[in-house]
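Dear colleague,

My notes on it follow, and I would be grateful if you read them with the structure open.

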Number of protein chains: 2
Amino acid sequence: MNNFTFFNPTRIEFGTGKEQLIGQVLADHGVKKILFCYGSDRIKRDGLFTTVTKSLNEHGIQFVECGGIVSNPVISKVREAIAMAREHQVNAVLSVGGGSVLDSAKSIAAGTLYQGDVWDLFNGKGKINAALPVFDILTLAAAGSEMNSGAVVTNEETREKFAIGSAHTFPKVSIVNPVLMQTVTRDYLVYSAADIIAHSIEGYFTARVQPKFHSRMAEAIINTVIETTETLLKNPMDYDARAEFAWASTQALNGLIYAGTGGFSYPNHMIEHSLSALFNVPHGAGLSVIIPAWMKWYHGRKPEQFQRFAKYIFGVDTPEQGITALEKWFDKIGTPTRLSQLGITEDDLPATIENILGNARWFGIADIYELNVVTAILQNAL
Amino acid sequence: MNNFTFFNPTRIEFGTGKEQLIGQVLADHGVKKILFCYGSDRIKRDGLFTTVTKSLNEHGIQFVECGGIVSNPVISKVREAIAMAREHQVNAVLSVGGGSVLDSAKSIAAGTLYQGDVWDLFNGKGKINAALPVFDILTLAAAGSEMNSGAVVTNEETREKFAIGSAHTFPKVSIVNPVLMQTVTRDYLVYSAADIIAHSIEGYFTARVQPKFHSRMAEAIINTVIETTETLLKNPMDYDARAEFAWASTQALNGLIYAGTGGFSYPNHMIEHSLSALFNVPHGAGLSVIIPAWMKWYHGRKPEQFQRFAKYIFGVDTPEQGITALEKWFDKIGTPTRLSQLGITEDDLPATIENILGNARWFGIADIYELNVVTAILQNAL
């Protein structure tokens, strides 16, 4: 096992009704005025906005609304929000939504205290030395952003989807109430399942140092996601399944299954980021297309690990059978497995490949993911 | 799943050579003078004391030595150390050792800032409102104390082995270097294996609310302990096995496998605490005797979970076969499975049972663990 530091200071408040604590939580942290980030007006229609503002008012927390954050969040919106945060002199950022809103909130929190343009923090020109404290109420379990310091944002001008991460951008408190996720659409449920599985397998398959304990933990997450997704497709109101799905999602990306592993990369995310940046496809939908295509190209490099996956996830014998089983499972739950299902055709490949090759430099794996490799993977996905 | 709060602010520094960071770590936390707690003089003979004091000196950290802390640590020693901490006005406590030293350090840290007698904090008369910061260098992986807020200490006068826990007693930083554990004796390795398995199964079998995700995580820990113990018995110098064993031990008791479960208890620990308090047997050795005996009495209450255990841990079919397999595995690795191996005879049972019944009140499960139940379990262990 490699040497590592594990530190995760985020407090998770998990369960029914926990969103009602938000005013108290902010007051406990000495917060007086927040930037209240959210996505669509759905939170106003379904009552969550009212619940949150009632709690804020009860504790005398002022707020400035910043709605309209979209999936695959964009840097222009982050810049706009930073201007608002500065103008109104907020002393914290609250995210109410899924990973896109939370990733934006982290970016806003860091960007507000950074002197230059916030994109510098993404492309390596600048460094995060401080950030406003971030709090969140999660409404979609997928990104795992609620218990880590990362944030992924798209630059619409440069067509880049890049990430930040820093000890300063862990949420202080994340509120995870599975009830708030019971109205997630069927599509977003299955995209989320693909996203969590992607988080679990990137290190699992690519790490040069991958202890068996870590593989077992990743398998615990994947098996839980598979089982609870099937339950939720039958009964979206099954609270326990929703809760296990959400908690597995958190564990997939809070550092637990990566601590002590080494030499791993995120090839599926790298490729998918280009699909999101160029075609604005949902992140999880892009992943469920890329994962089997990538696996078909990659499995010969890690035959034993793919055999493990086949055995402990699907109860089949060979790497190839494991990959087929995953692809069939994606088909069964209704998340795409072909680029054509995303409206991407062979004509789109050259521009897509060019964008991916740019990502490969940023992801530090350009030596592996060069032209003919990326082409081969995308052709597997046609 | 039950509602829960998950918060674990301990920073883990894991890997080779990490103990050399201790001076820097303390300096980063503004510490000037520490109470340096340890057990036997072994750390002076094997060079660890020199490594630590060199690092302390380099960073100008003063220290007051408090050696001689024994396994099954005792409250008289904690009281003595509190007097030293006050006299020398230390502003932190450093533990260099295993769970006994660390549990003592936490108790000292809390007791130093408590106005009354420290045992009040154990028996419920007092409350922990503050504690000196605790740091540790772990030399034995078993207790899991390095990433939680708990501490267990024995009162020699009252023959009680009780626990404290508080948001104030999480270690700030725990240094876990598997190399320091390579000289652990064969006996203490197998006792430790039994201890970690005990931490993993208490909730696994007793929880009224036990999500399958949590069962899978517990099984990942148990399977890792079984596999790495066997490797280490053949080759104590196998670094990777030592590292996986240690990290599994940390995960077993840092809250991960309990968050969201409900209605669980620690019957095996409750019974074992009496064996330690009365006969000073090693904690893990007591546990490996009690666990199979308890399982034989208990399994009918949770047949499905015992079937899961049989299947996913030992690949056998029935609850009874699973229990037999565990007992045989304990025999195979050489940790006791009979009271007689601990030197405890039938004549000792009345006093033992009386002590356990006292614990049962403190553990809050006196309604289940009454006279004839405890008698039946101990008779299974004769």
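How many residues lie between E7(A) and E8(A) in the hairpin that they form, and which residue in the turn has a positive phi? There are 4 residues between the two strands, and A:Arg159 in the turn has a positive phi of about 55°.

Before the other findings, a word on conventions. Residues are numbered from 1 along each chain as its sequence is written, while chains are lettered from A and ligands numbered from 1 in the order in which they are written. This is a predicted model, in which local features need pLDDT of at least 70, side-chain atom pairs count only at pLDDT 80 or more, and totals for chains, interfaces and linings use all residues.

The hairpin

Strand E7 (residues 151-155) and strand E8 (residues 160-164) of chain A are antiparallel and share 5 bridges; two strands count as paired if DSSP finds at least two bridges between them. Across this pairing, A:Asn155 stands opposite A:Glu160. In E7(A), 4 of the 5 residues are buried. A residue is called buried if 20 or more other C-beta atoms lie within 10 Å of its own, exposed if 12 or fewer, and partly exposed in between, with C-beta atoms placed from the backbone.

In chain B, strand E7 (residues 151-155) contains B:Asn155. This residue has 17 other C-beta atoms within 10 Å, so B:Asn155 is partly exposed. Leaving aside neighbours within four places in sequence, B:Asn155 is in contact with B:Ile75, B:Trp119 and B:Glu160; contact means that the C-beta atoms of two residues, placed from the backbone, lie within 7 Å. The C-alpha atoms of B:Asn155 and B:Pro73 are separated by 8.7 Å, although the two residues are 82 places apart along the chain.

An open sheet of 7 strands runs in the order E1(A)-E2(B)-E9(B)-E6(B)-E5(B)-E3(B)-E4(B), and its pairing is mixed. Its edge strands, each pairing on one side only, are E1 (4-6) of chain A and E4 (62-66) of chain B. Strands of a sheet pair through backbone hydrogen bonds, either parallel or antiparallel. Both senses can be followed here. E1(A) and strand E2 (residues 11-14) of chain B are antiparallel over 3 bridges, with B:Phe14 as the bridge partner of A:Phe4. Strand E6 (residues 134-138) and strand E9 (residues 173-176) of chain B are parallel over 4 bridges, and B:Phe135 has B:Val173 as its bridge partner.

The corresponding topic in chain A is strand E9 (residues 173-176). Both of its faces are covered: A:Val173 and A:Ile175 on one side, and A:Ser174 and A:Val176 on the other, are all buried. E9(A) runs parallel to E2(A), joined by 4 bridges, and A:Phe14 stands opposite A:Val176. E9(A) also runs parallel to E6(A), again through 4 bridges, and there A:Ile137 stands opposite A:Ile175.

A helix with two sides

In helix H3 (residues 48-58) of chain A, the buried residues are A:Val52, A:Ser55 and A:Leu56. They line one face of the helix, because they fall within an arc of 100° seen down its axis; the arc is that of the directions from the helix axis to the C-beta atoms. A:Thr50, A:Lys54 and A:Asn57, on the other side of H3(A), are exposed. Just after H3(A), A:Gly60 takes a positive phi of about 65°.

How the chains meet

The contact between the chains takes 30 residues from chain A and 29 from chain B. On the side of chain A that touches chain B, H8(A) gives the largest share, with 8 residues. Because 97% of the interface residues of chain A are also interface residues in chain B, the copies meet through the same surface.

Chain A can be laid on chain B with an RMSD of 0.0 Å by a turn of 180° and a shift of 0.0 Å along the axis, which is the relation of a two-fold axis. The superposition is by least squares on the C-alpha atoms of residues with pLDDT of at least 70 in both copies. In chain A, the C-alpha nearest the axis belongs to A:Pro9, 2.5 Å from it.

With kind regards
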